[in-house]
Structures are given as C-alpha cells and as structure tokens.
Amino acid sequence: MKTIGLCSDHAGFPLKQHIKQWLEAKGLAYKDFGTYTEESCDYPDFAHPMGEAIEAGECYPGIAICGSGQGISMTLNKHQGVRCALCWEPELATLARQHNDANVLAMPGRFISNEKADAIMEAFFSANFEGGRHQRRVDKIPVRK
C-alpha cells in the first residue's frame with residue numbers, strides 16, 4: 001500500500017485526528033493535506049490537492065472527512081482518476097471497494113463515532129475489487145471528451 005492521503009475541513013478535523021492515530025497504530029504511512037485546525041475553512045482547498053495526488057499515483061488510497069461527507073466527496077469526484085465513496089456503515093465501504101474500486105473513502109465527521117469510523121476503515125482496507133462485470137462499469141465512469 002502506498003502513502004494514504006488524508007484531508008478534511010474544520011468539521012472533519014477531529015475525526016481526521018483520530019484516523020491518524022488509527023493509521024499509526026496499524027503502521028500505515030499517510031500524508032495530511034489539511035486542514036490542520038478546527039477554524040472554519042473550505043473543503044475544496046484540501047480535497048483538490050489530495051485528488052491530484054491520487055491521480056498522480058503519489059497517494060493510494062485516500063480518506064476524506066467533512067461534516068456530512070457530501071461536499072468533500074463531490075469535490076474529489078470532480079477528478080477523473082478519483083472514485084470517492086461516501087460511507088457511513090462498514091457494509092457500504094466493503095461494497096464501494098468490491099464493486100466500484102473506490103480509491104477514496106469519505107466519511108461524515110458529524111454523524112459517526114470514532115468506533116464506527118474504525119469499523120468502516122477496517123472494511124474499506126480489507127475489501128478488494130472483484131473486477132469482472134464491475135470492471136466494465138468502472139471503465140465507463142470517467143467523462144470522455
């Protein structure tokens with residue numbers, strides 16, 4: 001596994017701090033793209049640099065957190081090489097990896113506990129893309145010009 005990308009806005013900052021401890025306990029390297037405080041900020045300022053790093057192959061996979069998880073996942077999914085899945089249950093994280101080859105996990109920082117986030121990350125990191133019929137669908141995701 002490459003270096004894991006992390007990003008959040010102010011609402012996701014507390015959960016991101018917990019995630020860093022979880023990753024360190026597992027011996028997993030990460031790069032924190034910000035934010036670095038709970039001061040109000042704009043999630044695109046941190047999501048776009050992480051999305052670019054995912055596309056460039058500098059980080060894989062990524063974890064993104066904002067209050068609802070919606071805004072940061074919408075922003076990340078603007079990047080053609082990113083498949084960001086918003087997950088609030090472990091089963092969603094498993095399916096996002098197995099069926100959609102998700103390379104970024106987004107979580108709603110204001111709506112899940114640290115323990116729930118741990119279970120979601122365990123599911124995300126232990127699932128593998130199944131390929132097969134799912135590959136055909138994933139291949140159709142990028143916008144063709």
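The following legends describe close-up views of a predicted model.

**View 1. The aromatic pair Trp22 and Phe125.** By the pairing rule applied here, the count of aromatic pairs is two. In one of these, the ring centres of Trp22 and Phe125 are 5.9 Å apart and the planes meet at 20°, so the pair is stacked. Trp22 belongs to helix H1 (residues 13–25) and Phe125 to helix H5 (residues 114–126); the pair thus links distant parts of the chain, 103 residues apart. Both Trp22 and Phe125 are buried.

**View 2. The surroundings of Phe124.** Phe124 and Phe125 form an edge-to-face aromatic pair, with 5.8 Å from centre to centre and 80° between the planes. Phe124 is buried, as is Phe125. One aromatic cluster is formed by Trp22, Phe124 and Phe125. Over the ring of Phe124 sits the charged end of Arg97, 5.7 Å from the ring centre.

**View 3. Strand S1 and its residues.** Strand S1 (residues 4–8) is mostly covered, with five of its five residues buried. Ile4, Leu6 and Ser8 point one way from S1, whereas Gly5 and Cys7 point the other way.

**View 4. Strand S1 beside strand S2.** Three bridges pair S1 with strand S2 (residues 30–32) in the parallel sense. Within this pairing, Leu6 stands opposite Asp32 in S2. From S1 the chain passes through H1 to S2, a β-α-β crossover that is right-handed.

**View 5. Strand S1 beside strand S3.** S1 and strand S3 (residues 62–66) run parallel and are joined by four bridges.

Technical notes: Residues are numbered from 1 along each chain as its sequence is written. This is a predicted model: local features need pLDDT of at least 70, side-chain atom pairs count only at pLDDT 80 or more; totals for chains, interfaces and linings use all residues. Side-chain values use heavy atoms; hydrogens and water are left out. Rings of Phe, Tyr and Trp (its six-membered ring) pair if their centres lie within 6.5 Å; planes under 30 degrees apart count as stacked, over 60 as edge-to-face and the rest as tilted. Helices (H or I, at least four residues) and strands (E, at least two) are DSSP runs, numbered from the N terminus. Buried means under 20% relative accessible area, exposed over 50%, partly exposed in between (1.4 Å probe, protein chains only). A charge sits over a ring if NZ of Lys or CZ of Arg is within 6 Å of the ring centre and within 35 degrees of the ring normal. Two strands pair if DSSP finds at least two bridges between them. A crossover is right-handed if, with the strands pointing away from the viewer, the path from the first strand over the helix to the second runs clockwise.
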